[in-house]
Amino acid sequence: MADVRAHAADSREDDAHPPELRHHFANLPAQREASTLAMWMFLVTEVLFFGGMFTAYVVYRSTYRRAFEGASNLLDLTLGTVNTAVLICSSLTMALAVWASGAGKKKATILFLIGTILLGGVFLGIKAVEYTQKFQHHEVPGPHFVVPLDERTHQPLPRQSEMFFSLYFCMTGLHAAHMIIGVGLLTWLIVKAKNDAFSPRYNTPVDLVGLYWHFVDVIWIFLFPLLYLLGRHTL
Amino acid sequence: MSHGASTSGTPKAYFGVFAALMALTGLTVWASFLHLGVWNTPVALAIAVTKGLLVALIFMHLRHSPRLTFFVAISAILWLAFLILITTSDYVTRPWLPIYGS
Amino acid sequence: MSATPERPERRVNYLNAAYGVRSWLLTTDHKRIALLYLIGVTFFFALGGIAAALIRVELLTPAGDVFQAETYNKLFTTHGVMMVFFFMIPGIPGVLGNFLIPLMIGAKDVAFPRLNLLSWYLYIIGALMAFWAVVHGGVDTGWTFYTPYSTVYSNGWVVVTAVGIFIAGFSSILTGLNFLVTIHTMRAPGMTWMRMPLFCWGMYATGIIQILGTPVIAITLLLVAAERLFHLGIFDPAQGGDPVLFQHLFWFYSHPAVYIMILPAMAVISELVTAFSRKPIFGYKFIAASSVAIAVLSFLVWGHHMFVSGQSVYAGIVFSILSFMVAIPSAIKVFNWTATLYKGSVSYQTPLLYALGFIGLFTFGGLTGLMLATLGLDIHVHDTYFIVAHFHYIMVGGTIMAYLGGLHFWWPKISGRIYPEYWSRVSAWVIFVGFNLTFFPQFIVGYLGMPRRYHQYPEEFQVLNVMSTAGASILGIGYVIPLVYFIWSMRYGAYAADNPWGATGLEWETPSPPPTENFPETPTVSGRPYDYLTARDREAAIG
Amino acid sequence: MPFLPEEASSFARHVDHLYLFLIAITAFFSVLIGTLVVYFAIRYHRRAPDEVATEVHENAVLEIVWTVIPLGLVLIMFYWGTRVYFRITRPPANAIEIYVTAKQWMWKIQHTDGHREMNELHVPVGMPVRLTMASEDVIHSFYVPAFRFKRDVVPGRFSAAWFEAVKPGKYHLFCAEYCGTRHSNMIGWVYAMTPADYQAWLSGGTPGESLASAGAKRFVEHACNTCHGDQPGARGPSLAGIFGKVIHFSDGSSRIADEAYIRESIVNPQAKLVAGYPPIMPTFQGQISEEGLLQLTAYIKSLSSAPAGTGAAQTGPGLSPGPPTPIPPPSAPERKTQTP
């Protein structure tokens with residue numbers, strides 16, 4: 001996803017006269033408005049990018065309802081809930097970082113950015129734990145997949161539960177990839193913040209990375225109920 | 001066109017949204033254990049949509065953004081709806097084929 | 001034509017502002033990036049063209065005696081992938097869009113110049129990956145990658161090609177994004193939406209499709225690659241997957257993609273017809289609205305590719321009626337172009353020959369498209385040469401004609417030179433004749449039942465196939481001639497004035513070729529678009 | 001007409017009439033636009049280099065006219081096309097059942113009375129024929145241009161379509177959906193024969209074991225009868241007489257039992273649970289070949305139409321099924337049918 005970093009890099013702009021103003025823009029607000037509009041359009045492409053998998057999820061869940069409900073109950077609910085909470089906290093610290101950079105509080109900005117990275121790291125850590133659990137239980141789709149047993153009836157789930165795990169790994173895997181890119185962007189922001197790149201007049205890059213991070217959080221906000229909670233009522 | 005600090009909200013607003021999101025997460029987990037029959041999924045989706053709106057409007061300061069950004073966000077939801085609804089309409093209407101015609 | 005302009009060499013322009021490979025490969029000037037796209041797009045058009053020539057050679061005889069079946073399948077896949085993803089989709093937006101949009105709206109450059117250069121690199125990386133796959137054994141799935149053949153049974157370089165198209169897809173997304181933000185935020189003072197040239201309206205509509213459509217094929221190809229690498233079963237029926245779901249996700253993008261190909265062509269034609277009738281366009285608002293209407297409606301019609309594929313009867317009916325609705329804005333545009341010629345002052349130069357060719361062939365291609373939207377008929381003609389003929393009439397008869405027309409029209413602005421008028425008219429006619437001889441017989445052989453992608457076919461179809469191959473060779477020659485004289489004109493062509501055609505538009509108010517910063521100072525715009533001096537204005541001026 | 005293939009099926013005529021209507025419209029508008037464009041280009045040719053055009057104002061009425069007229073024409077096309085489509089997609093009740101299995105690069109065709117053919121299909125003229133098709137690997141498409149008949153054969157489900165030959169003859173059979181290396185070799189012939197010839201052909205060749213009886217064996221082999229064995233209090237719903245009837249499910253929805261439903265219930269039984277029965281049936285996804293699924297479906301259908309005994313093939317009126325004979329020697333030599 002090199003384009004995301006380059007995209008944010010492009011709107012970072014540090015050139016002559018007011019240092020951050022690019023030669024072809026009239027003034028800083030115009031440049032900020034253009035960059036924000038571009039970021040929102042990029043987020044539209046991300047919505048449709050995940051949208052393809054949500055379509056597959058909707059179609060296969062209606063076709064193989066029991067398999068999906070049974071397989072979903074095998075996911076670790078506590079880890080999922082904790083992950084959701086962690087991500088919401090990271091969204092909070094990210095929003096505060098954007099506020100701090102806009103208010104010119106350099107130290108607070110850096111602290112909040114570090115907080116966001118740590119929370120992102122915790123999220124990825126929990127994801128890694130979940131993935132290793134799946135590997136151990138042979139719930140990873142592909143040749144080594146073993147049809148798991150239903151939580152309640154201890155009967156083997158329908159074979160199509162493998163489809164649920166295929167979608168689970170594709171969706172959460174792509175989400176995790178976006179998280180990793182987000183963490184990369186945040187570390188780059190911290191480096192710039194240390195060099196006094198941001199001021200109340202110019203904090204566009206922090207704002208844009210904030211938009212991206214909040215978007216990744218919204219994706220998880222939808223992934224969590226659709227993947228973890230769909231079958232709980234059958235228990 | 002607002003710029004600088006005024007585009008982002010106040011910390012107080014952020015903590016309010018944070019609390020709401022945490023509460024809604026708890027709510028959706030709790031609600032998933034209830035036997036609401038066919039209503040389980042709509043309830044979960046409604047909660048997720050509320051959380052998404054909270055994040056978008058306040059964390060992503062969509063409220064203060066120019067109208068154009070608002071349209072861009074709406075177009076994402078609309079096209080996602082086109083993709084999902086029209087595709088599922090094919091699957092829903094597949095068994096409607098009459099077996100023995102007139 | 002004004003007196004022979006003084007040699008532009010002495011004046012600094014974007015071509016001689018800097019020399020050396022670094023100045024080209026690291027440029028952020030939208031005009032240079034347009035030329036980089038021109039080189040890349042021409043190279044991959046040549047590749048696709050060679051594959052097409054070999055296919056036509058094979059189809060001279062009913063028996064598959066020139067190539068083995070495996071090689072033939074790789075040839076038509078290469079032709080499809082190269083032409084669709086690496087020529088048609090980046091073609092007009094990358095070359096003419098990049099060069100002209102900033103000039104037409106009076107801006108110094110696009111909104112994100114470095115992102116623009118990144119788009120070119122993504123395009124080249126993606127295209128070269130696909131080219132590498134072709135050289136190392138190729139892909140035999142067809143450009144549509146239908147599963148489960150592409151995921152389970154094909155042993156070609158599907159993953160490398162899919163990732164190549166995925167990367168080139170991002171180039172298309174970022175180009176669309178760049179154009180949308182540029183048109184929204186960087187129009188010159190006074191350049192309201194209703195004073196913007198129709199070319200920009202067409203590119204705006206194309207940008208909408210690029211932004212909203214491309215991500216879906218990106219995820220679809222990613223899922224195909226994941227399925228091949230990790231043996232997932234998302235589209236594999238043996239593990240519960242549904243191949244028709246792949247077709248839904250694939251065509252959700254790929255039908256709007258054909259509008260990514262035709263909308264820029266229509267945008268060019270609006271400019272050509274106006275400039276060579278020396279008359280304001282007829283129905284400006286209707287053409288602009290039609291472009292955006294096509295962009296939106298194009299996302300609702302993809303099911304007409306799947307009438308016989310097991311899609312439900314009722315979904316077929318819904319897609320059929322919606323496909324008819326999307327045809328209406330195209331009809332409105334054709335009528336408005338024709339009305340623009342009425343009472344105009346029409347001059348026969350090559351761009352106009354291409355424009356007239358476009359209007360004729362696009363009308364015929366569009367109407368055969370209506371035949372395919374008709375449920376009762378599509379059952380018989382789906383996956384036959386009737387379909388091949390239809391989309392070639394739109395893509396070759398439409399988009400490539402418009403692309404060449406646009407290239408000739410703006411060549412003086414791009415290179416500061418005039419192309420040879422005689423040779424360009426000859427090649428225009430050669431292309432028109434060669435094209436019709438190639439693809440009209442395919443309508444007939446298609447309705448007679450010859451299926452697509454056939455390496456060998458029954459004897460009774462041979463006569464029509466021989467005609468088609470004959471036409472293809474003429475068409476091939478027709479395409480080589482412009483390549484020769486455009487390169488020739490770079491060095492030996494006459495110097496072009498700033499406005500050789502006397503056309504309106506901000507791009508004609510800059511020198512040819514324009515300086516790097518386009519305009520000495522940002523121009524202001526007033527009055528209606530295309531306000532050509534008309535007879536009444538002249539009498540008013542004299543009176 | 002030289003540019004139309006033979007009209008050898010009942011709906012071919014309707015498709016061709018629709019085609020001629022659409023050609024007329026295409027020709028009319030292409031000629032109209034072509035001549036207008038050329039005429040304007042000549043009539044208003046720029047004679048002097050500084051000649052200017054005459055002002056022509058926006059004309060909203062004209063715009064509305066050339067929006068409404070295409071809209072009207074397009075709706076006519078849609079209506080006519082959908083009417084022909086309904087004729088094509090609605091199989092009549094008394095059609096002959098023929099099962100087709102598409103495999104990478106060949107068509108295996110089985111008649112209900114046990115006749116098996118490779119890349120060839122013998123059908124009587126004047127009788128509707130209903131094909132139930134399944135694919136063992138990739139997507140194929142059964143395409144008979146002379147019948148204007150085309151249906152994709154998607155793996156993982158049954159595809160059903162019908163035609164009725166009206167003219168005896170030998171017609172091309174193509175695979176229309178790209179299916180791999182020898183896609184262009186997956187062709188064959190459809191022989192439409194007069195009923196007398198068809199009878200001769202039927203009784204001539206020695207049919208193998210009928211599909212329904214093979215299905216009965218498989219029904220026992222997979223222990224389906226342990227639950228679906230018709231005895232009272234069986235754990236699974238009885239399958240006698242369900243074909244073509246409406247089945248009510250435990251979540252309140254209901255559906256007509258067709259081949260697709262039977263196949264889905266074998267491959268993915270948890271999808272639709274018959275009211276009053278627990279979801280205990282295991283999935284047979286990937287354990288029964290396409291051939292086996294066809295045989296089981298034929299058997300279950302035979303339970304619905306024939307009141308007594310099993311294995312009696314469900315055939316149309318006037319066509320007596322071939323006598324059940326022991327397994328024939330390797331396929332009898334191909335009989336050359338006399339086409340008029």
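Q: What makes the five strands with the order 4-10-9-6-7 in chain D an open sheet, and which of them are its edge strands?
A: Two strands pair if DSSP finds at least two bridges between them, and strands here are DSSP E runs of at least two residues, while helices are H or I runs of at least four, both numbered from the N terminus. In this predicted model, the five strands form an open sheet in that order, with mixed pairing. Strand 4 (120-124) and strand 7 (149-153) of chain D are the edge strands, each pairing on one side only. On average, neighbouring strands of the sheet are turned by 20° against each other, direction ignored.

Q: How are residues and chains labelled, and what limits apply to a predicted model?
A: Residues are numbered from 1 along each chain as its sequence is written, and chains are lettered from A and ligands numbered from 1 in the order in which they are written. The model is predicted, and local features need pLDDT of at least 70, side-chain atom pairs count only at pLDDT 80 or more, and totals for chains, interfaces and linings use all residues.

Q: How do you know that strand 6 and strand 7 of chain D pair?
A: Five bridges link strand 6 (residues 140-144) of chain D to strand 7 of chain D, in the antiparallel sense. The rule asks for at least two bridges, so strand 6 and strand 7 of chain D count as paired. D:Phe142 has D:Arg151 in strand 7 of chain D as its bridge partner.

Q: Which strands of this sheet does helix 3 of chain D lie across, and at what angle does it run to strand 4?
A: Helix 3 (residues 195-204) of chain D lies across strand 4 and strand 10 (188-193) of chain D, and runs at about 130° to strand 4. Such angles run from 0 to 180 degrees between N-to-C directions, with axes fitted to C-alpha atoms, for helices over the stretch in contact.

Q: Why is strand 8 of chain D called largely enclosed?
A: A residue is buried if 20 or more other C-beta atoms, placed from the backbone, lie within 10 Å of its own, exposed if 12 or fewer, and partly exposed in between. Five of the six residues of strand 8 (residues 159-164) of chain D are buried, so this strand is largely enclosed by the rest of the structure.

Q: Why does D:Arg83 count as partly exposed?
A: D:Arg83 has 14 C-beta neighbours inside 10 Å. D:Arg83 is found in helix 2 (residues 60-89) of chain D.

Q: What share of chain D is buried, and what share of chain C?
A: Buried residues make up 43% of the 340 residues in chain D. In chain C, 68% of the 543 residues count as buried.

Q: Why is chain C called as compact as a globular protein of its length?
A: Chain C has 16 helices and two strands. Its radius of gyration (taken over C-alpha atoms) is 23 Å, close to the 24 Å that the globule rule gives for 543 residues, so chain C is as compact as a globular protein of that length. The globule rule is 2.2 Å times the number of residues to the power 0.38.

Q: How many residues of chain C and chain D are in contact with each other, and which helix gives the largest share of the chain C side?
A: Contact means C-beta atoms, placed from the backbone, within 7 Å. By this rule 77 residues of chain C are in contact with 69 residues of chain D. Helix 10 of chain C gives the largest share of the chain C side, 13 residues.

Methods
Contact = placed C-beta atoms within 7 Å.
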